[in-house]
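This note is meant for a colleague who is meeting the structure for the first time. Please keep the sequence and the model in view while reading the points below.

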Amino acid sequence: MKNILVTGGAGFIGSNLLLELQNRFPKANLIALDDFRSASFKNLAGYGGDFIAANVAETDWLKSFKNRPLDIIFHLASITDTTVLDEKKMMFDNVEGFRNILDLAVEKKSVLIYASSAAVYGSQNMPMKEEHGGRPNNIYGFSKWVMENLAKTYEGKIPRIIGLRYFNVFGPRESFKGAAASMIYQLAHQMMAGKRPRVFKYGEQKRDFVYVKDVVALTLQALEAKENTVVNSGSGGSTSFNEVIDILNEALGTNLEPEYFDNPFDFYQNFTQADMSYTAKALGFKPKYSTRDGIIDYVQNYLLKDQKSKAETASFRSI
Ligand SMILES: NC(=O)c1ccc[n+]([C@@H]2O[C@H](COP(=O)([O-])OP(=O)(O)OC[C@H]3O[C@@H](n4cnc5c(N)ncnc54)[C@H](O)[C@@H]3O)[C@@H](O)[C@H]2O)c1
């Protein structure tokens, strides 16, 4: 019977992870922590565990663990909007929150798996290998890089500490991220409303879009790691925004042309692609979904079904 904490548990990846943990380990004692800044309880339909509503960067919530064992921590709570420019806030919430988690893991002797990001790579034009980190373009990426540096100073004090550099994750339960939800989510919603998909000029930016089902599987696989490390969590591919629109047109049965507009962000990552060879070696993990297969599963099994059930609710209300 394991005691497992998931911070950011009401968010996109955290809620998918919690529900999968509940599936795989029905006897585990699950605890979610979140302050709902980019999330909702609606992501946790069917969840049967405990919940702590708190800001992880503050310390009052730590008293909840006074006499409570804690075997595993998945730390996902973070400001996730990469366009937030308030440097102090980004660093305080993300890094001080992580420091609290690290200290808790030392006290409880917990295994710690935490979310880093492809943002630590900044602007590079080749498949990103773990040793290429440390060149963030923005304060969000810098906060993740400092978290990785901080984690190294705790090695040996915690049974295991693994950092996961998630690439561009998409999939069910991302809607509460609003403008920070994936490009795939934004484009699909525009297209489902019959609008032309809007992308930065000229749609040739390429990203490693990875399906959340693979990200959850990799996050759980990290529990099997034999040594402390940081690994990439991507699909291993790189897909342009124009190609995403083609796949969405196919999945939705539409034929909508992109509409291009100027990119206002000078710190934008125009290319990401995870080199997944070290992840395969360190965790024995290979993603199951290509970006294309992930988009098709997402559209057909989630987005179109949600749209249908919303339309049915609206017509029921109007009776
Ligand atoms: N989705 C991606 O493409 C992606 C890419 C790289 C890294 N990541 C990382 O993965 C993790 C999960 O991201 P996500 O995509 O699920 O985003 P998300 O915004 O849905 O999840 C973050 C969650 O943390 C909560 N939160 C934020 N700051 C908090 C704080 N100080 N105290 C308590 N709760 C707080 C939010 O309310 C939210 O539920 C984050 O650490 C993020 O940086 C995500």
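**Notes on the ligand site, helix packing and backbone**

1. The element that gives the most to the shell around the ligand is S5, with 3 residues. The model is a predicted one. S5 spans residues 111-117, and at least two shell residues each also come from helix H1 (12-24), strand S2 (29-34), helix H3 (139-153) and strand S7 (168-170).

2. Around the ligand there are 30 residues, of which Asp 34, Ser 38, Thr 80, Tyr 140 and Lys 177 come nearest. By class, the shell holds 16 nonpolar, 9 polar and 5 charged residues.

3. In Asp 34, a polar side-chain atom is placed 2.5 Å from an oxygen atom of the ligand. The side chain of Arg 37 has an N or O atom 3.0 Å from a nitrogen atom of the ligand. Asn 55 likewise has a polar side-chain atom at 2.8 Å from a ligand nitrogen atom. The ligand taken alone exposes 810 Å², and the protein buries 96% of that area.

4. Turning to helix packing, the axes of H1 and helix H5 (residues 212-221) approach within 10 Å and cross at roughly 60°. This angle makes H1 oblique to H5. Their crossing is right-handed.

5. The crossing in which H2 passes H3 is right-handed. H3 also contributes at least two residues to the ligand shell.

6. Most residues other than glycine have a negative phi, and most peptide bonds are trans. Phe 36, although not a glycine, has a positive phi of about 65°. Phe 36 sits in the loop between S2 and strand S3 (50-53).

7. Which form does the peptide bond from Lys 201 to Tyr 202 take, cis or trans? The bond is cis, and its omega is near -10°. Tyr 202 belongs to the loop between strand S8 (198-200) and strand S9 (206-207).

Note on methods. Residues numbered from 1 in each chain as written. Predicted model: local features only at pLDDT ≥ 70, side-chain atom pairs only at ≥ 80, totals over all residues. Heavy atoms only, no water. Near = heavy atom within 4 Å. Polar contact = N/O pair within 3.5 Å; in protein donor to acceptor, adjacent residues only side chain to side chain. Areas by Shrake-Rupley, 256 points an atom, 1.4 Å probe, with all protein chains shown as cover. Helix = DSSP H or I, 4+ residues; strand = E, 2+ residues; numbered from the N terminus. Nonpolar A, V, L, I, M, F, W, Y, C, P; charged D, E, K, R; others polar. Axes fitted to C-alpha atoms, helices over the stretch in contact; angles between N-to-C directions. Parallel < 35°, antiparallel > 145°, perpendicular 65-115°, else oblique. Left-handed = near helix turned anticlockwise from the far one by under 90°.
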